[in-house]
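Open the model in your viewer and keep the selection tool ready. The tour goes stop by stop.

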Amino acid sequence: MMKSVANTEFNNLRINAESFDVKSIRQDFPILKTKVYGKPLVYFDNAATSQKPKAVIDRIVRFYETENANIHRGIYHLSELASDAYEGARDIVQKSINAAKREEIIFVRGATEGINLVASSWGRANLKAGDEVLISQMEHHANIVPWQLICEEKGAVLKTIPVDDSGELILEEYHKLLTQKTKIVSIVFVSNSIGTINPVKSIIGSAHKLHIPVLVDACQAAPHLSLDVQDLDCDFLVFSGHKVFAPTGIGVLYGKEKFLDAMPPYQSGGDMINTVTFQKTTFKEPPYKFEAGTPNMSGAIGLGAAIEYVHHIGRQNIHQYEQTLLKHATEKIGAIEGLKIIGTAKNRIPVIAFTVEGAHPLDIGTMLDFEGIAIRTGNHCTQPLLARFGVSATCRASLAFYNTVDEIDFFVEALAKVIKKLKD
Amino acid sequence: MAASKTIPEIEEEIVEEFEMLGEWPEKYEYLMNIGKHLPRLPETAYNEDNKVRGCQSNVWMITKFEGGKIIFEGDSDALLVKGLAALLIRVFSGHSPDEILAANLDFLERIGLQEHLSATRGNGLLAMVKQIKFYALAYKAKMTA
């Protein structure tokens with residue numbers, strides 16, 4: 001039974017959980033003070049990666065300054081501290097997504113590794129020729145390619161749920177695609193390219209009627225929405241730490257106990273074994289069965305601190321604030337002449353993807369950079385989705401709870417100037 | 001039509017011109033302006049075969065071989081990439097395969113573009129250079145065949 005370790009970095013936070021004071025919140029993020037070409041940074045690329053609060057940075061520093069040792073191995077005090085901190089982070093993750101057991105939380109490098117783990121370990125043991133794997137047209141490449149590879153290996157078939165012009169899944173088609181041949185559904189909760197929030201709970205419900213398990217890619221959901229794996233009843237869920245204000249190189253794969261127990265190991269080596277002889281090696285139970293080698297200890301601990309930071313601000317507060325940002329941004333950006341917003345689903349996170357007639361995203365992004373504005377341009381690792389909308393590249397502004405209405409206004413003004421210059 | 005200057009001479013000219021420019025924003029403006037003057041290719045040239053891969057935008061490149069010299073023409077739907085294409089065409093077009101293959105690319109670093117134009121920026125600079133060298137190799141092989 002692991003002790004839970006207090007993250008004392010929150011004692012000095014200036015935020016008030018009852019109200020949303022974005023000015024105070026911004027003080028918590030050191031990088032937001034950076035200047036770019038002498039201008040204040042306007043960071044609108046949160047879907048790519050998030051910025052980190054001082055509380056997370058300090059927690060990692062504290063780990064390295066006072067607790068660092070290899071976990072699970074030593075009998076000495078420092079190793080115990082490190083193990084408690086690492087396992088304490090697992091408990092924090094479990095609570096934050098309402099998983100029934102801590103054994104259902106596996107630390108991985110990121111969502112990409114999580115999906116690869118399931119496709120490889122679950123896929124190899126469960127897929128055979130003629131079986132179908134169902135994903136959607138709006139998936140990130142990380143939720144396409146691992147399935148393509150395992151389907152090729154096993155002779156299984158990859159099917160895709162189509163997306164309509166507003167960027168929503170066509171659910172009638174989904175129901176047609178769910179058949180006795182479907183062995184797993186792997187679906188994104190929130191699109192990184194166009195911000196659509198999918199009705200994953202009912203998608204899971206429909207799949208479960210046919211006893212089909214579902215993996216949810218929650219990478220873009222985790223920073224913006226509450227996750228409750230028992231309420232969703234998903235069978236697997238992945239998200240990456242670096243998108244939720246935590247370090248890079250850490251992520252979570254949640255899997256229901258019955259699945260993880262039955263799955264063979266993914267990577268092997270130290271720490272995931274019980275006994276090793278040259279005749280036979282036996283493996284540990286989950287989660288350790290899937291955590292070979294020395295893990296990203298500071299990453300996991302940083303993730304725990306980030307989850308607690310967000311919890312401190314309040315999920316509801318964040319959601320309400322972000323929806324006002326989304327509304328303001330959509331109105332202002334949408335009003336620019338010649339600009340088309342790609343992805344106008346009814347339920348969205350604050351991600352706005354757009355194209356402009358006669359101006360290439362690469363040029364727009366480059367010129368906005370000169371004003372200190374960071375947006376993303378390109379295909380956002382969703383080439384099939386962009387092809388569906390008939391474009392090869394878009395501009396994407398993706399906001400977080402430390403962005404402001406003033407930043408949006410500044411962005412819109414700069415964008416209008418840039419477009420005018422490019423069209424001249 | 002043969003160029004009268006050598007590749008190294010043209011590269012020196014460009015380095016001098018860029019010395020008068022300031023930071024990356026000014027250099028980008030310069031590239032944008034030369035890009036605006038890049039003539040459009042014949043309509044039939046805008047096909048998959050002529051595309052240069054490795055860029056966020058669409059880039060097309062065609063060549064002619066006249067009097068032992070390769071003439072390069074290019075276009076893109078992004079202004080920055082048009083500017084880069086114009087720069088490369090200025091350096092490499094109208095020269096023999098051997099001259100092109102022997103040319104080094106230090107000048108890109110000396111004009112301060114290297115750091116801004118890495119493969120990750122997706123603006124196709126490296127891809128276009130590779131394509132130019134590849135054409136030179138192909139024409140040289142044809143010549144000696």
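Here is what to select, and what is there; the model is a predicted one.

**Stop 1: helix α2 of chain B**

Select residues 24–36 of chain B, which form α2(B). This helix has 13 residues. At 1.5 Å a residue they should span 18 Å, and the end C-alpha atoms are 18 Å apart, so the two values agree.

Now color Tyr28(B), Leu31(B) and Gly35(B). Buried or exposed? These three residues of α2(B) are buried. They cover an arc of only 60° around the axis, so they sit on the same side of α2(B). An α-helix has 3.6 residues a turn, so residues three or four places apart point the same way.

Turn to the other side of α2(B). Asn33(B) and Lys36(B) are exposed there.

What covers the buried residues of α2(B)? The cover includes α12 (361–369) of chain A and α3 (79–92) of chain B.

**Stop 2: α1 against α3 in chain B**

Show the side chains at the contact. From α1(B) come Ile7(B), Ile10(B), Glu11(B) and Ile14(B). From α3(B) come Leu87(B), Arg90(B), Val91(B) and Phe92(B). By class, this contact has six nonpolar residues, two charged ones and no polar ones.

**Stop 3: where the chains touch**

Zoom out to both chains. The contact takes 10 residues from chain A and 12 residues from chain B. On the chain A side, α12 and β16 (376–378) each give two or more residues. Which of the elements gives the most? That is α12(A), with three residues. The chain A side divides into five nonpolar, four polar and one charged.

**Stop 4: backbone details in chain A**

Most residues other than glycine have a negative phi, and most peptide bonds are trans.

Select Pro286(A) and Pro287(A). A cis peptide bond joins them, with omega about 0°. Pro287(A) lies in the loop between β12 (281–283) and α10 (297–313).

Go to Tyr37(A), in the loop between β1 (35–36) and β2 (39–40). Its phi is positive, near 50°. Tyr37(A) is exposed, with 11 other C-beta atoms within 10 Å.

Finish at Phe245(A), in the loop between β9 (236–240) and β10 (251–255). Phi of Phe245(A) is positive, near 70°. Phe245(A) is buried, with 28 other C-beta atoms within 10 Å.

Terms used. Residues are numbered from 1 along each chain as its sequence is written. Chains are lettered from A and ligands numbered from 1 in the order in which they are written. This is a predicted model: local features need pLDDT of at least 70, side-chain atom pairs count only at pLDDT 80 or more; totals for chains, interfaces and linings use all residues. Helices (H or I, at least four residues) and strands (E, at least two) are DSSP runs, numbered from the N terminus. The expected span of a helix is 1.5 Å times one less than its number of residues. A residue is buried if 20 or more other C-beta atoms lie within 10 Å of its own, exposed if 12 or fewer, and partly exposed in between; C-beta atoms are placed from the backbone. The arc is that of the directions from the helix axis to the C-beta atoms. Two residues are in contact if their C-beta atoms, placed from the backbone, lie within 7 Å. Ala, Val, Leu, Ile, Met, Phe, Trp, Tyr, Cys and Pro count as nonpolar, Asp, Glu, Lys and Arg as charged, and the others, Gly among them, as polar.
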